[in-house]
Amino acid sequence: MLWFRAPEKVYFKKGCLPVALDELKTVMGKKKAFIVTDQFLYKNGYTKAITDKLDEMGILHETFFDVAPDPTLACALEGVAQLRAFEPDTIIAIGGGSAMDAGKIMWVLYEHPDADFFDMAMRFIDIRKRVYTFPKMGEKAYFIAIPTSSGTGSEVTPFAVITDEKTGTKYPLADYQLMPNMAIVDTDMMMSAPKGLTSASGIDALTHALEAYASVMATDYTDGLALRAMKLIFKYLPAAYDNGQTDVKAREEMATASTMAGMAFANAFLGVCHSMAHKLGAYHHLPHGVANALLITMVMRYNADPTPRKMGTFSQYQYPHTLERYCECAHSLGIVGKNDEDTLNKFIDAIEALKERVGIKKTIADYGVDEKYFLDTLDNMVEDAFDDQCTGANPRYPLMSELKEMYLKAYYGK
């Protein structure tokens, strides 16, 4: 069996936030809302549009704004203590991936205080056949996700990544119970995103679309979303990067692309580019979108081998066809070469040109990661990346030595 799942409600278009929130009172009769965000967004007034609307509707609210860029289990437990004291019937997570991830974890621990976090974080090969069944969500609180950047797609995905502050280990949780009930994608919340965030999150969304399209779990349902997202990113990311504060059209199309790519990978999953990027972020604190940008074209070349040493597991196709899949992406963007190999090369050149256009540097070394420390942590990163939850859906099943080689190429440049 295959499936396609998305939040019950996804609202989009500039200015849709107050209109969508109206439902809390008029349709659902909610009484108390708990807002989860980070300090920067809180101090810069991003929650004001939400709290003003809640006040207008007479809904009581509290705000937790201590979410760190890589949310920790300790931070989630702190939020849960506040949640239990306040007992809301709605949780609103606003921010980038970190705030939405932290909100999802708090939601689980609030609804099911007896649920074991480490049981939930247990790895598996197929999301439908788990040893541990996630508890049913949404019985105490309705969950709303509001993104402030166009990248993670977390508002429409069943995933959350949380860090154990004691060991530094990142735990990706994945279960459709973690899917938000409502996503509100309002461009008004994204207009002031700085250039660095715009480029990193834009390339992150592009990576989501590319990995979902090449995944062993890709379907016709996810393919359409992934292709359209790529098209929008190629067309509008440069304008959003250059004139993000004023170009409403570019911002809106990037928000759409990010959410569509999110829906694609929520159902088709990702691959080793994300496995490696997660660890690059964990060990060397590079922004997630930048980490993906440094690895994606190398991973594409690796995946496009027509005779891979090991194929991906549970593929929905008979023979390796990733090269042809990448060519389909290229063709949808109007990139055509003499043959498939030439098309792939031209496509990779176009991605590299887009990265350069929006200020992404060439190598890991260019981002100031110390060479000795990088080499000292390399073997651990390789092992952790191989063990990452995203590796299973990659169309070519990697050897650790191959991951190591890609990391080294990404550090030094070719």
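Start by selecting H10 and helix H14 (residues 371-386): H10 passes H14 in a right-handed crossing. A crossing is called right-handed if the near helix is turned clockwise from the far one by less than a right angle, and left-handed if anticlockwise. Helices are DSSP runs of H or I with at least four residues, strands are runs of E with at least two, and both are numbered from the N terminus. The axes of H10 and H14 come within 9 Å and cross at roughly 140°. Axes here are lines fitted to C-alpha atoms, for helices over the stretch in contact, and angles run from 0 to 180 degrees between N-to-C directions. H10 and H14 are therefore oblique to each other; angles under 35 degrees count as roughly parallel, over 145 as roughly antiparallel, 65 to 115 as roughly perpendicular, and the rest as oblique.

A word on the model before going on: it is predicted, so local features need pLDDT of at least 70 and side-chain atom pairs count only at pLDDT 80 or more, while totals for chains, interfaces and linings use all residues. Residues are numbered from 1 along each chain as its sequence is written, and side-chain values use heavy atoms, with hydrogens and water left out.

Now show side chains at this crossing. From H10, pick Ser275, Met276, Lys279, Leu280, Tyr283 and His284; they meet Tyr373, Phe374, Thr377, Asn380, Met381, Asp384 and Ala385 of H14. Contact means heavy atoms within 4.5 Å. Coloured by class, the contact of H10 with H14 has seven nonpolar, four polar and two charged residues. Ala, Val, Leu, Ile, Met, Phe, Trp, Tyr, Cys and Pro count as nonpolar, Asp, Glu, Lys and Arg as charged, and the others, Gly among them, as polar.

**Into the core**

Which residues have the most contacts inside the largest nonpolar core? Select Leu280, Met300, Phe347, Ile364, Phe374 and Tyr407, in a core of 86 residues. A nonpolar core is a set of buried Ala, Val, Leu, Ile, Met, Phe, Trp, Tyr and Cys residues joined through side-chain atoms within 4.5 Å. Buried means under 20% relative accessible area, exposed over 50%, and partly exposed in between, using a 1.4 Å probe and protein chains only. H8 gives the most to this core, with eleven residues.

Centre on isoleucine 364: leaving aside neighbours within four places in sequence, its contacts are Leu280, Leu286, Leu294, Val369, Phe374, Tyr407, Ala410 and Tyr411. A second, separate core has 34 residues, including Ala93, Met100, Met137 and Leu173.

**A helix pair and a loop**

Next, select helix H8 (residues 220-243) and helix H9 (residues 248-268), which pack at an angle of about 150° with their axes 8 Å apart. That makes H8 roughly antiparallel to H9. The crossing of this pair is left-handed, and the residues in contact divide into 17 nonpolar, three polar and four charged.

Step on to phenylalanine 269, in the loop between H9 and helix H10 (272-284). Its phi is near 75°, a positive value in a residue other than glycine. Is this residue buried or exposed? At 13% relative accessibility, phenylalanine 269 counts as buried.

Select helix H12 (residues 322-332) and helix H13 (residues 340-357): their axes come within 9 Å and cross at roughly 55°. That makes H12 oblique to H13. The crossing of H12 and H13 is left-handed.

In the loop between them, click valine 336. It is exposed, with a relative accessible area of 55%.

**Last stops**

Glutamate 87 lies in the loop between helix H4 (73-86) and strand S4 (90-95). Its phi is positive, about 50°, although glutamate 87 is not a glycine. At 56% relative accessibility, glutamate 87 counts as exposed.

Finish in strand S4 with threonine 90, which is buried with a relative accessible area of 0%. Beyond residues up to four places away in sequence, threonine 90 touches Leu24, Lys30, Lys32, Ala33, Phe34, Ala141, Tyr142 and Ile144.
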